[in-house]
Amino acid sequence: MGNGKNKELPTSKIIGIPRGLSYYLDNFSWESFFHILGYEVEYSEDSSVETFETGNQFVGSDQCFPVKVYYGHVLSLLKKNNYIFIPQYTSMEEGTYCCPKVIALPQLIKNTIPQEINLLTVEIDLGREKFTRKNIRRLAMSLSQNPLRIFAAVNYFDKNRKRLPEEISSAEKFMGECQSNGKKGSIGVIGHPYALQDPFLNMGILNRLKEFGFDVVTSARYQRSYEQTDCPVYFSRRKPHWDFGRNILYAAESMLKDEKIQGIIFITYFGCGIDAFIEEIFNDSICGQKPYLGLTLDEHSGEAGLMTRIEAFTDMMIRKGGENRDAG
Amino acid sequence: MNQYYIGVDVGSVSTNIVVMDSMDNKKLYETLYIRTNGQPLESLNEGFITLKDKGYCMEDILGVGVTGSARILVGNIIGADSIKNEITAHAVAAIDTYPQVKTVIEIGGQDSKIILIRNGVVIDFAMNTICAAGTGSFLDQQSFRLKIPIEEFGDFALRADEPVRIAGRCTVFAETDMVHKQQEGATKEQIVAGLCEALARNYINNVAKGKSIEAPILFQGGVAFNKGIKRAFEQELAAQLVIPKHFNVMGALGSAILAKETVRDTKKKTTFKGFDIMQRKYKLKRVACQDCPNACELTEVTVEGEIAAKWGDRCGKWQK
């Protein structure tokens, strides 16, 4: 394993990874991968209003909020270092695709930020194994001339690649373990991985729910899709086309069946094409069976409107649970 | 000697205050409905002066509850015992006045909501999302444009023999439609009736989308005064709507009941600061917190030079 002190490589030894969108999609450690090749990784800082505002100057106005914040992450890294790694996830398994904005991310960034970027990217299509492996090898070769390191890096990817689709989960990420101290019950929160894991993007909803005394179970705790052997359920509809669309539907359906989960919140962003389709599918089935709250967030989201809805939602469950009231 | 609970609902269009008997939730001594006119504190002060003039004194007030979009601001200033969102307040009031209720339709100044209740418990609710079409503010604006006092809006609608069809999806398009239909010779009555139908349709397709609306249905909020809207809803839903006696102050009534519950549960004396509190010199300021890159905008309330409350931060450190 490389230790980052290898002197045979001339250019900057530090690669920046923006913490947004695709960063949250996988559990694969790009840091270890780059370490093997002799590089250090620098992550961007936590998202904040500043991140958003820096990013917003360069993004077209029709992009969604998470993309705007992603731009900010890239720009903050560019201040220190111009080697940026943006993986291009096109698909997480055969027959599904990522969101078009995630797919286009490297090109989008390269062509809209008017600053010199040494962009490192690699197309990852997990439905096409050979193709992806070739891409990874090419990336490794562009970063090192040492055949051993290249071999080790590709090997590392091969071994850990499986983690990408399957273990998009819990413990090591922001959410942490599902706490068992929620006296008032559990709320299921559904959303894309970045919406669940970045507290700036979700406006701290998960923490708020915990403050109100609820357990939070997110869609990240569920598989991305039904296993192959299971017949596809997805609310008796055709399998959706999108990776995380499947995860969202699967999570929604599982939460609906799970008696411990008393209510479901769906976090989406204004202008999200995938969610516009997906929400329609589960919306009708959830309504009437479990309390459901759909939250459409955007950069303009006022705290007041959001809090009113969350408060009303938790009140509803508290009062329903017989614990008749809650001191305001 | 009578003792009371006070409920305050400071909304975008009106500020409502009720004075409720401490023993009987159905007995309201006062129901005030004051236009907010963009100045929540002034309108509340006006209400408090009225109450004081009528002889209510602070010692007889057992608790105060606040709701409405300005609830945090107002609640902090007057020392409310309970600060609750509008949905909970409306639901509590609806269940209290009409225990069998299954659906509450509430249309206020800038938002409209549907609350589903089964066995006296809220099981689901929805609010309008990004568009304010179909709320009181829009009706207000149109009544002004048509030069019909808002109070007569309903009567106008009922007089129409055949309403014209108006797009209710968006207020801008609705207005375009109304102008167009006027130019084609539709009467004011027909237009008003068409507008009522459009709002009811919009509400059912948007706010109440996918919800099962079961009778008994309670219709509350300021817009419930409008008989045209009531009729449009009844036609659309093929069911009767019940309009509670205090339809326009249900939010305030609910917060009075919530205050009663809170005081009873915590067994503490009320934190209400009295009717005169609004007359003191308040200064509201929006300040930016510079402690982290989030640069939250805080609201700072100073009373006679002393910082009384501060809120609006993401991290919560100023609120304590």
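Trainee: What share of chain A contacts between residues at least 6 apart in sequence join residues at least 24 apart?

Mentor: This is a predicted model, where local features need pLDDT of at least 70, side-chain atom pairs count only at pLDDT 80 or more, and totals for chains, interfaces and linings use all residues. Residues are numbered from 1 along each chain as its sequence is written, with chains lettered from A and ligands numbered from 1 in the order written. A contact here needs C-beta atoms, placed from the backbone, within 7 Å. On that count, the share is 72%.

Trainee: OK, and how are H11(A) and H12(A) oriented to each other?

Mentor: Helices are DSSP runs of H or I with at least four residues, strands are E runs of at least two, and both are numbered from the N terminus. H11 (residues 243–257) and H12 (residues 273–286) of chain A pack at about 15 degrees, axes 10 Å apart; axes are lines fitted to C-alpha atoms over the stretch in contact, and angles run from 0 to 180 degrees between N-to-C directions. Angles under 35 degrees count as roughly parallel, over 145 as roughly antiparallel, 65 to 115 as roughly perpendicular and the rest as oblique. So H11(A) and H12(A) are roughly parallel.

Trainee: Which element gives the most to the side of chain B that touches chain A?

Mentor: There, 28 residues of chain B meet 23 of chain A. S5 (82–83), H3 (86–97), S8 (121–127) and H9 (250–266) of chain B each supply at least two residues of that side. With six residues, the top contributor is S8(B).

Definitions and conventions: Contact = placed C-beta atoms within 7 Å.
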